[in-house]
Protein chains: 2
Amino acid sequence: MIPKALLFDVFGTVVDWRSGIIRDLRVHFQTYPSKHEPEIVADAWRARYEPSMEPIRDGSRDYVDLDVLHSENLMTVAEELGFDLGVEEHQRWLIMAWHRLPCWSDSVAGIERLKNRFICASQSNGHLALTVNLAKYNQFSWDIILGSEIVRTYKPAPEAYTRACKALCLEPAECMMVAAHNSDLTAARAQGLQTAFVRRPTEYGPDQPFDLEPSDNWEIVAESISDLNEALDDLR
Amino acid sequence: MIPKALLFDVFGTVVDWRSGIIRDLRVHFQTYPSKHEPEIVADAWRARYEPSMEPIRDGSRDYVDLDVLHSENLMTVAEELGFDLGVEEHQRWLIMAWHRLPCWSDSVAGIERLKNRFICASQSNGHLALTVNLAKYNQFSWDIILGSEIVRTYKPAPEAYTRACKALCLEPAECMMVAAHNSDLTAARAQGLQTAFVRRPTEYGPDQPFDLEPSDNWEIVAESISDLNEALDDLR
């Protein structure tokens, strides 16, 4: 069945967060030198991402957006690794690095083309301002931005998927989750959505140990967002 | 000051609701003949729009979306004027006429061009699914869809403007409300937003008695959305 809407994961699937964060950490360390490589700091910062969302998923903490979580996580990492976050303005600039991440090379043209036939929605853990800023930074647009601020929780909580479909007035089976992460697709399928795996083998750096292969029989497995268009034709 | 984001009213400013509703009523009346002209029914249906939002604005009714209000209003009008709404499937199709309204001729190209320089957001009383369906129907897209479902109230309630700016992480003065309705702009300015009036002298039919002229010294007065781009240059 051809879906009506494609729901895109953003961090890792559409944008290359690691390169973007490393780039901006390198700039920060020019003013506040660090004994750590920016790669180490970027990975340590990102490692706190999933655990920091857990209290919101399980309801023990009220929803706060990713700017808040990224800020808290950065402060923890700076303390643990021992580097200088600098004055408040510089800290803020660094946290906002997540609003100016570069796209993978196929993302802009791929989404533009898919928009001719499908509702293309972001369904990210990012909030509205972050997701629109990423799109403006890279000069593309979504048909609609969904994501954490709309569904008031973080993936892979079940409501993150069901509430997104509901916001579009579509049945889960009419929607397809597009992600580079098997865990995201597993959770989406459990709620009845169709699934497309996009391979991003260097999202976590050159030695990425996971998400290199599909872990299940996803409806689509694609090498890029550009490839999705043809793969969706084959679904007929 | 050049704004960072343009917040667009949709019904009347971007899309021509009256022609679209008349067109679909005409189709409906082919199956269920009516003694009333579709123009009369369309105007009666729309006349209930503002009063039906009032209980939500003043807090005496919880937020419901426009599909619900359009459905209730249609049933009232059908009863009052005495025409047949037909089987449930036909009723539903008629209510969904608000999801397939045609754009004014300058809207698609105008918004596409403005997106090169500004965040272009819808800030409509429409909900997410309705607003994205209008955009897909007319083959354009917003950078971000805001509106009633995000702000949980209806314009011109003050929160409709302040919460929209907040969702973008922008100050009100960094945002410009774009509308064909003086009342919308009056309410937006009261919350500190910049304002642009777009003249739509036939929105309410050939003898429209109001909103023909700007009622205040709005930052911009434009004849079309295409004209906005140049007018925004003059703001510098």
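Tutor: A salt bridge is a side-chain nitrogen of Lys or Arg within 4 Å of a carboxyl oxygen of Asp or Glu. Keep in mind that this is a predicted model.

Student: How many salt bridges does a search of the whole structure find?

Tutor: Side chains of opposite charge can pair when their charged atoms come close. Over all chains, the search gives 38 salt bridges. One of them joins Lys155(B) to Asp9(B), with the closest N and O atoms 3.0 Å apart. This pair connects distant parts of the chain, 146 residues apart. Lys155(B) sits in the loop between α8 and α9 of chain B, and Asp9(B) in the loop between β1 (5-8) and α1 (17-31) of chain B.

Student: What is the peptide bond from Lys155(B) to Pro156(B), cis or trans?

Tutor: Most residues other than glycine have a negative phi, and most peptide bonds are trans. The bond from Lys155(B) to Pro156(B) is cis, its omega being near 5 degrees. Pro156(B) belongs to the loop between α8 (148-151) and α9 (158-167) of chain B. In chain A, the bond from Lys155(A) to Pro156(A) is also cis, with omega near 5 degrees, and Pro156(A) is in the loop between α8 and α9 (158-167) of that chain.

Student: In what order do the strands of the open sheet in chain A run?

Tutor: Strands of a sheet pair through backbone hydrogen bonds, either parallel or antiparallel. In chain A, six strands with parallel pairing follow the order β3-β2-β1-β4-β5-β6. At the edges are β3 (144-145) and β6 (220-222) of chain A, each pairing on one side only. Strand β2 (residues 119-122) of chain A is joined to β3(A) by two bridges, and Ala121(A) faces Ile144(A) in β3(A).

Student: Which strands of chain A does helix α11 lie across?

Tutor: Helix α11 (residues 225-234) of chain A lies across β1 (5-8), β4 (175-179), β5 (194-198) and β6 of chain A. Relative to β6(A), the helix runs at about 145 degrees.

Student: What is the strand order in the open sheet of chain B?

Tutor: Its six strands are arranged as β3-β2-β1-β4-β5-β6, with parallel pairing. The edge strands of chain B are β3 (144-145) and β6 (220-222). Three bridges pair strand β5 (residues 194-198) of chain B with β6(B); in β6(B), Ile220(B) is the bridge partner of Ala196(B).

Student: How many residues of chain A are in contact with chain B?

Tutor: There are 22 residues of chain A in contact with 22 residues of chain B. Between them the two chains bury about 1,700 Å², with 60% of it on carbon and sulfur atoms.

Student: What polar contacts and salt bridges cross the interface of chain A and chain B?

Tutor: The count of salt bridges between the chains is two. Among them is the pairing of Lys136(B) with Asp143(A), at 2.7 Å from N to O. On the side of chain A that touches chain B, α7 (128-138), β3 and α8 (148-151) of chain A each supply at least two residues. The most come from α7(A), with five residues. By class, that side of chain A has 14 nonpolar, four polar and four charged residues.

How values were computed:
Residues are numbered from 1 along each chain as its sequence is written. Chains are lettered from A and ligands numbered from 1 in the order in which they are written. This is a predicted model: local features need pLDDT of at least 70, side-chain atom pairs count only at pLDDT 80 or more; totals for chains, interfaces and linings use all residues. Side-chain values use heavy atoms; hydrogens and water are left out. Two strands pair if DSSP finds at least two bridges between them. Helices (H or I, at least four residues) and strands (E, at least two) are DSSP runs, numbered from the N terminus. Contact means heavy atoms within 4.5 Å. Axes are lines fitted to C-alpha atoms, for helices over the stretch in contact, and angles run from 0 to 180 degrees between N-to-C directions. Buried area is the accessible area (1.4 Å probe) that two parts lose on being put together, summed over both. Ala, Val, Leu, Ile, Met, Phe, Trp, Tyr, Cys and Pro count as nonpolar, Asp, Glu, Lys and Arg as charged, and the others, Gly among them, as polar.
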